[in-house]
Every structure is written in C-alpha cells, then in structure tokens.
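Student: I should like to learn how to read some features of a structure of this kind. May we begin with the model itself?

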Amino acid sequence: MGKEPQQRTREIVGVAGAVALLLGVLAVHALPALPPRWLDAVLALLAGAALLQPRLRLPAVAVLGFVWCAFRADVALDARLPRELEGRDFTVTGVVDQLPLRRADATRLVLRVEQAELDGEALPLRGRVRLSWYDDAPAELEACARWQLRVRLKRPRGLVNPGGFDAERQALERGIVAVGYVRDAEAARHLGTPAFCIDRLRDDLARGIAARVADPHDAALLQTFAVGDTRGLSQHDWEIARANGIPHLIAISGFHVGVAAMAGALLVRLLWWLWPRLGLYLAFPVAQAPAALLAATLYGVLAGGSLPTVRTLLMIAVVTLTRFGRRASTGPHALALALLAILVVDPLATLAAGFWLSFVGVAFLMLCLARGDGSLLGFLRELSVGQLVMTVSLLPLTVWFFGESSLVGALSNLIAVPLVSFVIVPLCLLGLLALLLAPVLATPVLVVAGWITHAQWWLLERMATWPGAHWYLPEVAPWALLLATAGAVWLFLPRGVPARALGVLLFLPLLVPQRPPPPDGAFEAFVIDVGQGLAVFVRTAQHALLFDAGARYPSEFDLGEAAVLPTLRALGAGELDLLMISHAHNDHMGGAPAVARDYPAAARFGGEPAGMPLAVAQCEAGQGWEWDAVRFRVVNPGPEQIAATYAGSDNDRSCVLLVEGRGGRLLLTGDISRRVEPAVAAAVGAGAPLVLVAPHHGSRTSSSEAFLAALRPTLALVSAGWRSRFGHPHPLVVRRYVDAGAPLVNTADGGALQVVFPSDAAPYLAARERERQHRYWRE
C-alpha cells in the first residue's frame with residue numbers, strides 16, 4: 001500500500017474515532033442521573049479489553065468516552081456546595097477570575113476559591129464561585145487580584161421553562177460550584193495583585209481602546225473584537241446581533257484567530273523575502289506554520305480563550321506538527337484531532353452551544369465547499385456560498401439552543417464577515433500592537449476602526465428591523481433536530497446527487513409544536529418560572545392570554561425577556577390576544593414592556609394603570625368575554641378598591657381573573673390580601689373543580705382559612721423564588737392548604753407548571769418542567 005492510501009486510511013480512522021468518542025460523551029448528557037462510579041470502572045475495564053479486538057475498537061472508544069464524561073461530570077457535581085450548607089455565611093479566599101462586570105446596581109465577578117471557612121472551620125470548597133458585590137466595589141477589585149471575602153452562598157440553580165436558558169447546565173460546563181453575594185463589604189480584605197496577568201492586560205488594553213475612541217458604543221464593539229471584552233455591550237446589542245445571525249462575530253470567533261494566524265504567516269513570508277538565505281536553514285513552509293500558531297496563540301490568549309478560539313488553535317497546531325513531520329494533513333483530519341483533544345481535556349465542553357456551532361459549522365464548510373482556484377471571483381463565490389451554507393446548516397442548532405433563527409443572516413454575514421475579518425480585526429490587531437509598543441500610534445488606527453465599525457453597526461441595526469430577522473420557532477424535539485440536520489447534509493451534497501432539494505422537507509418538523517393547543521371548551525395554563533414574581537400563560541383553542549410578566553431588575557435583567565417570551569415562543573404562541581397586569585409591583589409588571597414590544601396587537605388591562613410602565617386600561621369586576629367556549633370574568637377590583645386610598649399595601653387593587661371551561665376553573669389572584677378575599681370568593685361562587693394560583697405567592701397575609709373553605713380548590717399553585725428572602729410560601733399558609741386538602745405545588749421546586757383543563761374531565765397537573773427536562777446536572 002502506498003503512502004497516500006495509508007495516509008487516507010489513518011485520516012478515516014481518526015475521524016471515526018473522534019465521532020465514536022463524541023457519541024459516548026453525548027450518551028451521558030441524555031441521562032437523568034449519572035451511573036455509580038463502580039459501574040464506570042467496570043465499563044472502563046471492558047472497553048480496555050475490547051480495544052485489543054480490531055472490530056470492537058470503535059464501540060470501545062465510545063464506551064471510554066461515556067466513562068470519561070460520566071466521571072468528570074460526577075467529580076464536578078461533587079465539588080458543588082453541599083446542600084445542607086446553602087444560605088450560610090462563609091469566609092473565602094481566592095483570586096478574581098476573568099474581568100469583573102461593573103453595573104449601577106452591583107459588580108459581578110467570578111472568584112476562584114483557594115480556601116473556605118464556615119464558623120472558623122475549614123471547608124473543602126474549591127472551584128469557581130459567581131458573586132455579586134452590591135455595595136460600591138473598590139477599585140482594587142480587578143482581574144487576578146487576591147481577596148478574602150465574607151459571602152453568602154447557595155448551589156447553582158436556575159429557572160426552568162419551556163425554551164428557557166439552562167443556567168444549571170452552563171454552571172456545570174463552566175465549573176461554577178456556588179453562587180452568592182458579598183455579605184460584609186467592610187470585612188473584605190485585598191490580599192494583593194500579581195505584577196502581571198493576562199486578564200489584567202486584557203482589561204488595560206480595553207481601557208486603552210475606550211480612551212482613544214470617542215463614541216462609547218464604538219469603543220465597546222472594538223473591545224469585543226480586539227480582546228473579547230463584551231462588558232460594554234447591552235442586551236439590545238445582542239438582539240441586533242441575533243437578528244443578523246452574527247453573534248459568532250461579536251464574540252471572538254475561530255475566523256478571527258485565523259486572521260491572526262495569517263498575519264503571522266505573512267510576517268514570515270516578508271522575512272524570507274527580505275532575507276532569502278533564511279531558506280537555507282529552515283524551509284519556508286516549515287517556518288510559516290509555527291509562526292502562524294504563535295500569532296494565533298497570542299491573540300487567542302488576549303481574546304479570553306473561548307471554545308471556538310481553542311478549536312482553531314488546535315487545528316493550527318495539527319497543521320504545524322504535520323509540517324514538521326513532513327506529512328500532509330487534510331482539514332477533516334485536523335478538525336477530528338482538535339475534537340479529540342477537547343473531548344479528552346474537557347468532555348463537559350460539549351454542554352456549550354459554542355462547541356456545537358463551532359465544530360458543526362466548520363464541518364459543513366469542509367463538506368460543501370470545494371477548494372478555490374485562487375482568483376478574486378473564486379474567493380467571492382466561496383464567501384457567498386459559505387455564508388449560505390453556515391446559515392442553513394446551523395439553523396437547526398440555533399433553533400435548538402436559542403429558539404430562534406434569522407432569515408436575513410446569510411445577507412448580513414455576507415456583508416459583516418469580510419468587513420470584520422479582513423478590515424476591522426486587522427485594524428484591531430494593529431491597534432493592540434501599537435498599544436503595547438507605541439501607544440501614541442494606536443489612536444489613528446483605532447479611530448479609523450471605530451468609524452468603520454460605526455457604519456457597519458448602523459447598517460446592521462436597519463437590517464435587524466427587516467421581516468424575518470427574528471424568526472422564532474416552537475420548542476424543538478430531538479428527532480426534529482436530527483431530521484433537520486440530515487436535511488442540511490442532503491441539501492449540500494455534491495452536484496449529481498438526485499433530488500437534493502428534497503432535503504428542505506426534513507426541516508418542516510421544526511415548525512411543529514410539541515404541545516398543540518387544546519380543543520374547544522378546554523384550556524391550559526402555564527405558570528412560568530420567573531423566580532419571585534408571577535407570570536401565567538393561558539390559552540384556548542384559538543386565543544391566548546398572559547397574566548403578569550415577572551420582574552425587571554436594575555441590572556437590566558428582565559424576566560419578560562429572559563423567561564416569559566422564550567416560553568411563549570417555545571409553546572408556539574404566534575399571537576397574544578390580551579396582556580393583563582394584576583397591579584403595579586415590579587415582580588408582576590416589570591417584564592410587561594418587553595412582552596408588549598413583541599406582541600403590540602395584544603389588548604392591555606391592569607389593576608393600577610397610573611403606576612404601570614406602559615399604557616393599560618383599568619380592569620374592573622364585571623368585565624368578561626368568551627373564547628372558544630371558555631369564559632373569562634374579572635372579579636376584582638370592584639369600584640371600592642379602585643377608589644380606595646390605602647395607608648399600606650395597594651395589593652388589593654390587583655386584577656383577579658376567573659377562567660371557566662367545561663371541566664374546570666382557574667382563579668388568578670395577583671397579590672390580594674384577606675381583606676378582599678370574602679368578596680372574591682362570593683363573586684367566584686360554586687362550579688366546576690377549581691385550581692387556585694395562591695394569592696401573594698403564599699404570603700401569610702393571604703389564603704385565609706375562610707377563603708380556602710369557600711373556594712375548596714382541588715389544586716393550588718405558588719410562584720416563588722428558590723430560597724427567597726421573603727420566605728414564600730409561609731409555613732402557616734402551607735399548613736392551611738394541607739388542612740384544606742389542596743396539594744400545593746411551587747415553581748421554586750418544580751419549575752414551570754402546566755395545568756390542563758379538559759372539556760370532559762377534572763383539571764390536572766400535566767407537567768413540572770424541572771421533571772420534564774430532568775438531566776443529571778439539574779438540581
């Protein structure tokens with residue numbers, strides 16, 4: 001066998017081995033619980049023996065991938081703060097990891113804990129802790145600084161909703177062992193800062209850019225392109241990026257690192273052109289590869305070492321090694337070796353969306369693009385076809401991870417990719433070099449880069465308003481994801497393959513909602529997990545209503561944007577007929593403007609119109625309507641509550657809505673107190689089995705014994721935050737529901753709650769989202 005067939009065989013084996021290892025790792029992520037370690041050990045021994053049999057090697061590699069990922073995940077979960085210690089105050093000593101994020105309400109940081117104490121006793125808590133410092137954080141709180149802090153901690157736990165962001169999965173992938181806040185700012189001690197660290201250099205370079213570019217927004221974008229510092233970008237900026245399908249350009253992408261590698265290679269070419277005798281000592285192709293790797297590595301380190309950056313660096317390293325070994329290497333082989341390296345070093349990286357978007361995108365480009373002829377026309381053709389390939393091939397994954405895609409993404413990328421990669425990033429690289437070596441020369445370079453960035457962003461903002469820029473799809477089933485990915489492969493098979501256009505048909509299951517709407521006379525309700533707040537989505541056969549929308553905090557974290565809207569989109573709510581905000585408290589109305597922006601045609605009612613952040617009509621007892629044989633009736637506030645001036649709480653002005661189907665009823669109560677509960681109970685009256693959303697999150701000021709006795713609910717729902725400082729639901733209230741014979745279900749424990757009200761049967765709790773989405777990393 002000649003060298004070429006042998007080389008080809010080795011590359012096929014390498015690719016197959018990488019895929020087998022990846023499949024083993026993926027099998028772990030599908031588990032609801034991790035296997036015991038003794039089983040990992042047995043499987044590892046069996047797989048090791050199977051490696052001796054050539055026919056069993058690929059299955060053995062898959063089993064080893066499973067064992068390795070299960071072991072690493074088990075170790076990572078064991079490193080988390082013990083459950084029995086949640087809510088306690090600790091003294092921790094550690095180093096600030098990454099760049100602290102300073103906002104008006106708080107400074108957020110990640111501390112790499114070296115020592116931890118509880119009541120003077122040492123604890124084996126090690127790892128990364130995500131903290132908030134709510135007082136004015138001192139200037140010494142910077143990257144790489146060593147601090148001793150008094151903190152209150154709990155285990156990583158996030159909201160769980162259909163289509164929602166999985167904070168617990170991200171915490172496992174990033175090695176976060178606890179979250180919390182600085183408890184006593186006066187007790188904080190700065191223990192020193194090293195003379196040099198990469199993250200502080202990144203921070204200094206980011207400050208240097210900000211000092212030389214007049215427009216703060218232009219400076220924030222350049223900081224992102226240059227050193228991967230996204231702290232200056234707002235939520236609106238990320239919305240613009242998603243609408244144009246360019247988040248991969250906003251963060252440091254593998255292509256940016258490739259540009260840095262090209263710069264290193266061009267520098268070697270220049271040196272060999274100026275001094276040709278260098279070729280006598282080292283061949284130009286052999287010298288070019290390590291120079292490209294060195295330049296890419298330096299830029300990758302300055303950029304923060306994101307996963308796409310690491311993938312590109314590993315591929316360049318493979319090329320470098322093959323050049324030194326005088327061996328040829330193809331793109332798929334280099335990609336497979338990079339994949340193997342990442343899986344061996346950190347199998348939990350496969351939990352990140354960036355892992356899949358990076359590797360799958362590059363794999364599709366290698367599959368679909370032929371080698372160019374070197375001409376300008378050929379380059380432009382590859383560029384345009386490449387953007388089409390990336391947009392279509394990554395559509396299933398972007399919908400899976402983010403619930404949306406962009407139909408203008410191909411055009412946006414066709415404009416943005418060459419401009420960012422071949423103009424803005426090179427200018428940023430020159431600016432960084434100047435900041436390090438001759439700061440006075442950095443100003444004109446960065447100013448020009450700012451002008452170009454400003455013009456590009458102006459265009460992207462306009463394109464973000466085009467139809468199809470935000471294309472939201474229902475929650476995707478795993479089988480639909482696999483079919484759509486197969487359809488993308490089919491579409492881009494080589495010419496000559498028959499019926500390639502039929503691959504489009506395999507994308508159609510992405511449009512099918514997993515949970516279709518109910519029939520006439522029936523309805524369903526979703527109590528969305530918004531932490532300490534309330535948001536309930538009610539839908540009938542042809543209509544939909546949202547009652548409250550969660551909170552919006554000074555940090556700009558908006559539950560309407562982060563929890564409510566993703567849930568509505570995942571459930572396939574194309575239209576919203578009515579938005580009702582019970583009353584003017586932040587935990588009920590804060591997310592309403594975000595919902596109203598996405599559903600401008602929805603009618604709006606509220607209990608306290610004067611205090612709302614948007615225009616709403618007054619809800620009033622007696623209002624009612626009917627949708628699809630389901631009746632809706634407002635039973636509070638009455639004229640007395642609307643006109644009353646309360647010395648204390650105005651919770652009794654809350655809209656209270658009764659929804660009546662053929663088989664059951666739902667009562668949405670806002671934050672009413674026992675003062676108006678008798679009138680509400682009288683207005684509700686007798687009828688079909690009732691499901692009650694507990695007033696005021698289960699506060700002791702509500703849910704009186706008389707109220708529960710009058711309503712006789714068959715099920716009660718509470719929307720509250722996990723380990724909230726308010727202590728909802730109150731233990732006395734929990735006892736009242738137990739005594740009344742009504743099961744009490746809390747979003748803090750179960751995530752989003754789905755209750756179905758059939759037309760011919762009693763209502764029932766259909767799903768707790770935390771159980772429906774149960775994975776081994778879930779709390």
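**Strands, a helix and a loop residue**

Tutor: In this predicted model, strands β1 and β2 form a hairpin, with 4 residues between them.

Student: Over how many bridges do β1 and β2 pair, and in which sense?

Tutor: Strand β1 pairs with β2 (residues 107-118) over 9 bridges, in the antiparallel sense. Strand β1 is also joined to β5 (residues 146-154) by 7 bridges, and these two strands run antiparallel. The position of G94 illustrates both pairings: its bridge partner in β2 is V113, while W147 stands opposite G94 in β5.

Student: Is β1 mostly covered or mostly uncovered?

Tutor: Strand β1 (residues 89-102) is mostly covered, with 10 of its 14 residues buried.

Student: How many Å should helix α18 span?

Tutor: The 22 residues of α18 (residues 442-463) should span 32 Å at 1.5 Å a residue; the end C-alpha atoms are 31 Å apart, which agrees.

Student: Which residues of α18 are buried?

Tutor: Among them are A442, V445, L446, A449, W457 and L460. The buried residues of α18 fall within an arc of 145° when seen down the helix axis, so they line one face. These residues pack against α5 (198-212), α6 (216-227), α7 (235-243), α8 (247-250) and α17 (409-437).

Student: Where is E608 placed, and what does E608 touch?

Tutor: Residue E608 lies in the loop between β14 (603-606) and β15 (617-618). Its contacts, not counting residues up to four places away in sequence, are H583, A584, D650 and R653.

Student: Why does E608 count as buried?

Tutor: Buried means under 20% relative accessible area; E608 has 10% relative accessibility and therefore counts as buried.

Methods
Residues are numbered from 1 along each chain as its sequence is written. This is a predicted model: local features need pLDDT of at least 70, side-chain atom pairs count only at pLDDT 80 or more; totals for chains, interfaces and linings use all residues. Side-chain values use heavy atoms; hydrogens and water are left out. The expected span of a helix is 1.5 Å times one less than its number of residues. Buried means under 20% relative accessible area, exposed over 50%, partly exposed in between (1.4 Å probe, protein chains only). The arc is that of the directions from the helix axis to the C-beta atoms. Contact means heavy atoms within 4.5 Å. Two strands pair if DSSP finds at least two bridges between them.
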